[in-house]
Structure formats: C-alpha cells, structure tokens
Amino acid sequence: MPIIIRLDRVMADRKITLTELAGRVGITMANLSLLKNGRVRAIRFSTLEGLCRELDCQPGDLLEYSSE
Amino acid sequence: MVQYLGKKSVSSILKTVLDLVWYLGLAGTVVAALFLGHTLVSSQPLSTGSLQIEMPGLIFRFTDGIPQVLPTNLSVQFMLVLLLMFIGVLVLYQLRKIFATLTAGTPFTDENVGRIRIIGIALIAGALFESVIHILNGVYLSNILRMPGVETGVNMKIDLTGVFMGVVVIILAEVFRYGAYLQEEQDLTV
C-alpha cells in the first residue's frame with residue numbers, strides 16, 4: 001500500500017510504549033499493533049485525533065505517501 | 001428482552017434442536033439406504049401386506065397386498081426419496097454450522113455465504129426431486145389402481161414454490177456476502 005504508517009518512529013521519538021499509548025488513546029493494544037504494522041484498511045478520525053493528541057504531532061507525522 | 005444471538009439465546013436453543021434433528025435425520029437416512037440396498041439386492045417381491053402410500057391430503061393403504069409389485073417397480077422412487085433425504089441432511093448440516101456462528105456472534109463470514117448458497121441450491125434441487133417423485137408415483141399408481149367409472153391420470157406439476165424459496169435463499173446469500181464484506185471493513189478499521 002502506498003500509505004506508510006510512521007507510528008513506530010514517532011513512538012520511539014516520544015519514548016512511549018504500545019501499551020501506554022493504547023491506554024491513553026482508548027483503543028486495544030491489538031488494534032494499535034495492527035495499525036503500527038500497517039495491517040489495517042482504514043483509520044477513524046477519532047483514533048487519529050487521539051494519536052495526534054497523545055503524541056503531540058500532526059497527522060502528516062504519522063502517515064506518509066509513497067508512490068512506489 | 002429476548003436475546004436472538006450469542007450464548008443462551010434463541011439461536012443457541014435452535015442449534016441444540018438442529019443437532020438433535022441432524023443426528024436423527026442421519027440415522028434415518030442410513031436406515032433408508034440399508035432398506036433400499038436390501039430391496040434392490042433381494043429378488044423376492046416386495047411385501048405389500050402393510051404397504052401405505054401417503055400423498056398430500058390422501059393416504060392409500062393396500063390391505064390385501066398387490067402381487068404384481070416387484071422391488072424394481074419402486075426402486076427409482078426409493079432412490080429419489082433417498083436422494084431427498086440426503087439433501088435434507090445436507091441442509092440440516094449447513095444450518096447447524098450457521099447457527100453455531102450465530103451462537104458465537106460472528107454470522108457475517110464468507111463460510112456462511114457458501115453455506116446459505118448450498119441451502120438455496122439444495123432447496124431448488126429438493127423441490128424438483130420431490131416433483132419428480134410425485135409424478136413417478138402418479139404414473140405408478142395410475143397404472144395399478146383400477147376403479148370402475150374412475151379414470152386416473154398423472155398430474156405433471158413442478159413445485160415452483162420450493163424453487164422460488166431456493167432462489168430467495170440464494171439472493172439472501174448474496175446479501176450475506178455484502179454483510180461479510182462490511183464486517184471485514186469494520187474489523188480492519190481502527
């Protein structure tokens with residue numbers, strides 16, 4: 001898929017674990033893990049909003065488009 | 001409030017009932033197959049001392065027996081009835097699987113689409129086989145029944161209601177296919 005999830009990079013920068021972020025955003029760790037590994041088909045605005053809020057970033061920091 | 005899906009629901013009770021009916025149907029089919037096998041292998045004329053033929057709204061009881069009835073006369077009908085029983089058992093098996101998913105709370109799966117489709121095809125096949133059995137029974141009975149002043153004829157009627165039901169079930173399978181697609185989309189959305 002040309003959309004690449006950069007969640008792992010932002011999480012490493014913020015030094016936050018998957019469990020902690022999942023708890024703060026209010027989604028399951030399993031779902032967050034799927035998102036981190038790019039195994040999802042869609043992301044809700046509410047989830048994106050929660051991630052941006054907790055990671056103090058913009059949606060563009062989490063998502064990247066690659067034509068290849 | 002009545003709970004229709006999940007554990008301890010209407011679907012779980014129906015699943016238990018279907019399990020019971022399936023095992024009984026399976027046993028009945030095996031017994032019928034053994035009876036058919038015995039009838040076909042045996043060269044003796046079929047005992048008609050207690051022969052009874054049931055038709056919709058009418059029962060024929062041959063109390064004096066019919067000497068000219070031989071096993072081969074009814075073998076085609078027996079085989080078709082057996083085939084009909086196999087179709088019934090197949091439908092029951094698929095229904096059991098579907099109700100198991102209803103009890104588990106995951107009805108919208110590609111497997112269920114296939115199962116509902118099989119049920120639809122089986123309903124059409126069953127309706128057609130049943131019509132053929134009725135026609136063959138009509139041919140058979142019109143040949144052996146002689147009543148003064150009464151002319152017997154064969155009623156060549158196909159059960160279109162059963163065929164229609166089968167088509168409706170196949171269309172429902174397509175609705176389920178869309179449901180399974182939506183379920184997958186929902187599951188892959190975080």
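Q: How are α3(B) and α4(B) oriented to each other?
A: This is a predicted model, and in it helix α3 (residues 110-144) of chain B packs against helix α4 (residues 160-187) of chain B at about 175 degrees, with the axes 8 Å apart. Angles over 145 degrees count as roughly antiparallel. So α3(B) and α4(B) come out roughly antiparallel.

Q: By class, which residues make up the contact of α3(B) with α4(B)?
A: The two helices pack with their axes 8 Å apart. Split by class, their contact has 15 nonpolar, five polar and four charged residues.

Q: What pattern does chain B follow along the sequence?
A: Chain B has four helices and two strands. Reading along the sequence, the order is α-β-β-α-α-α.

Q: What share of the residues of chain B count as buried?
A: Buried here takes 20 or more other C-beta atoms within 10 Å. Chain B has 190 residues, and the share that counts as buried is 12%.

Q: Among contacts in chain B between residues at least 6 apart in sequence, what share join residues at least 24 apart?
A: A contact needs C-beta atoms within 7 Å. Taking the contacts in chain B between residues at least 6 apart in sequence, the share joining residues at least 24 apart is 76%.

Q: What should the residues of helix α1 of chain B span, at 1.5 Å a residue?
A: Helix α1 of chain B covers residues 10-41, which is 32 residues. The expected span uses one less than the number of residues.

Q: Which residues of α1(B) are buried?
A: The cut-off is 20 or more other C-beta atoms within 10 Å. B:Leu14 is in helix α1 of chain B, but has 17 C-beta neighbours inside 10 Å and so counts as partly exposed. The buried ones are B:Ser11, B:Lys15 and B:Leu18.

Q: How many Å apart in space are B:Leu14 and B:Arg177?
A: B:Leu14 sits in helix α1 of chain B. B:Leu14 and B:Arg177 are 163 residues apart in sequence, and their C-alpha to C-alpha distance is 23 Å.

Q: Is B:Lys8 buried or exposed?
A: B:Lys8 lies in the segment before α1 of chain B, and its phi is positive, near 55 degrees, though the residue is other than glycine. Most residues other than glycine have a negative phi. With 9 C-beta neighbours inside 10 Å, B:Lys8 counts as exposed.

Q: What is the phi of A:Lys15?
A: A:Lys15 lies in the loop between α1 (7-14) and α2 of chain A. A:Lys15 has 7 other C-beta atoms within 10 Å, so this residue is exposed. Although A:Lys15 is not a glycine, its phi is positive, at about 55 degrees.

Q: How are α2(A) and α3(A) oriented to each other?
A: Helix α2 (residues 18-25) of chain A and helix α3 (residues 29-36) of chain A pack at about 110 degrees, with axes 9 Å apart. The contact uses A:Leu18, A:Thr19, A:Leu21 and A:Ala22 of α2(A) plus A:Met29, A:Leu32, A:Ser33 and A:Lys36 of α3(A). By class, those residues are five nonpolar, two polar and one charged. The angle therefore makes α2(A) and α3(A) roughly perpendicular.

Q: Is the crossing of α2(A) and α4(A) left-handed or right-handed?
A: α2(A) packs against helix α4 (residues 45-55) of chain A at about 120 degrees, with axes 9 Å apart. That makes α2(A) oblique to α4(A). A:Leu21, A:Arg24 and A:Val25 of α2(A) meet A:Thr47, A:Gly50, A:Leu51 and A:Glu54 of α4(A). The crossing is right-handed.

Q: How many Å apart in space are A:Gly38 and A:Ile5?
A: A:Gly38 lies in the loop between α3 and α4 of chain A. With 13 C-beta neighbours inside 10 Å, A:Gly38 counts as partly exposed. A:Gly38 and A:Ile5 are 33 residues apart in sequence, yet C-alpha to C-alpha their distance is 6.0 Å.

Q: How many residues does the contact between the chains take from chain A?
A: Chain B gives four residues to the contact. The side of chain B that touches chain A divides into two nonpolar, one polar and one charged. From chain A the contact takes ten residues.

Technical notes. Residues numbered from 1 in each chain as written. Chains lettered and ligands numbered in written order. Predicted model: local features only at pLDDT ≥ 70, side-chain atom pairs only at ≥ 80, totals over all residues. Axes fitted to C-alpha atoms, helices over the stretch in contact; angles between N-to-C directions. Parallel < 35°, antiparallel > 145°, perpendicular 65-115°, else oblique. Contact = placed C-beta atoms within 7 Å. Nonpolar A, V, L, I, M, F, W, Y, C, P; charged D, E, K, R; others polar. Left-handed = near helix turned anticlockwise from the far one by under 90°.
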